[in-house]
Amino acid sequence: DTTDDSVYKLLKLPFLHNIQECYCTLFKIPVDLCLVILQLLNLPLIKVLHLLTVFLKLRDDSTNSILHTDKYSELETCIAMNSTLLEMKLQVESKDNPTVTQKTITSLINGVTGNKTITSFSLVFIDLQSLSDVTKIP
């Protein structure tokens, strides 16, 4: 198993189905951010989700553009239709694949906009590549 496969399997364990609050940090793990968020949001009783990713190695597990689009649409719909989620806080620090991150962020914002139960939403995206480029400026 790769590291990200282990993360996905962990998130599907039955004992997690009773979780109402999830505070998760992913550090230097190659994962598909959209799929991880989807799995966390699919916990049936989730009310609070805080996800911090540090130096995340973003992967895009979609190999064709149709699946790719469906994944983001599914994330948006999942958030919009979630009736238990009250609070979501996400902080993404990455220097990999800003396009994938941008699509995930767009889906997150669209989903939250359509949700009627979320009372608190915080999103921080730090593009570490841009920060490293700034530090090189004389």
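Mentor: The protein exposes about 7700 Å², an area that comes from the Shrake-Rupley method with a 1.4 Å probe, where for residues only the protein chains shown count as cover. Carbon and sulfur atoms supply 58% of that surface. Keep in mind that this is a predicted model, in which local features need pLDDT of at least 70, side-chain atom pairs count only at pLDDT 80 or more, and totals for chains, interfaces and linings use all residues. Residues are numbered from 1 along each chain as its sequence is written, and side-chain values use heavy atoms, with hydrogens and water left out.

Now go inward. Of the 138 residues, 39% count as buried. Buried means under 20% relative accessible area; exposed means over 50%, and partly exposed is in between (1.4 Å probe, protein chains only).

The protein has 5 helices and 5 strands. These are DSSP runs numbered from the N terminus: helices are H or I with at least four residues, and strands are E with at least two. Along the sequence the pattern reads α-β-β-α-β-α-β-α-β-α. Contact means heavy atoms within 4.5 Å. Among contacts between residues at least 6 apart in sequence, 86% join residues at least 24 apart.

Here is the core itself. A nonpolar core is a set of buried Ala, Val, Leu, Ile, Met, Phe, Trp, Tyr and Cys residues joined through side-chain atoms within 4.5 Å. The largest one has 29 residues. Those with the most contacts inside it are Ile37, Leu40, Leu41, Leu51, Leu75, Ile79 and Met88. Six elements each supply at least two residues: strands E1 (21-27), E3 (48-58) and E4 (87-94), and helices H2 (33-41), H3 (65-81) and H4 (98-114). H2 gives the most, with 7 residues. In soluble globular proteins, nonpolar side chains tend to be buried together.

Zoom in on Leu75. Set aside its neighbours within four places in sequence. Leu75 is then in contact with Cys34, Ile37, Leu38, Leu41, Thr104, Ser107 and Leu108.

A salt bridge is a side-chain nitrogen of Lys or Arg within 4 Å of a carboxyl oxygen of Asp or Glu. The count here is 1 salt bridge. Lys71 forms it with Asp32, and the closest N and O atoms are 2.7 Å apart. Lys71 lies in helix H3, and Asp32 in the loop between strand E2 (30-31) and H2, so the pair ties together parts that are 39 residues apart in sequence. Both Lys71 and Asp32 are buried. For Asp32 the relative accessibility is 0%. Asp32 and Thr101 are 69 residues apart in sequence, and their C-alpha atoms are 9.5 Å apart in space.

Grid points are joined across faces, edges and corners, and a volume is the space filled by probe spheres set on the points. There is 1 cavity of 30 Å³ or more. The largest cavity has a volume of about 30 Å³. It is lined by Leu33, Ile37, Leu51, Thr53, Leu90, Gln91, Val92, Leu108 and Leu123. E4 gives the largest share, 3 residues.

Take Thr53 from that lining. Thr53 sits in strand E3. Its relative accessibility is 0%, so Thr53 counts as buried. Beyond its neighbours within four places in sequence, Thr53 is in contact with Leu26, Leu33, Gln91, Val92 and Glu93.

His50 is in strand E3 too. At 19% relative accessibility, His50 counts as buried. Outside four places in sequence, His50 is in contact with Cys22, Tyr23, Cys24, Glu87 and Lys89. The C-alpha atoms of His50 and Cys24 are separated by 6.2 Å, though the two are 26 residues apart along the chain.

Finish with another histidine. His17 is in the loop between helix H1 (3-11) and E1. At 37% relative accessibility, His17 counts as partly exposed. Leaving aside neighbours within four places, His17 is in contact with Lys12, Pro44 and Leu45. From His17 to Leu45 is 28 residues in sequence and 6.9 Å in space, C-alpha to C-alpha.

Notes
1 Å grid on protein atoms, 1.4 Å probe; cavity = no way out; pocket = protein on both sides within 12 Å on 5 of 7 lines; lining within 4 Å.
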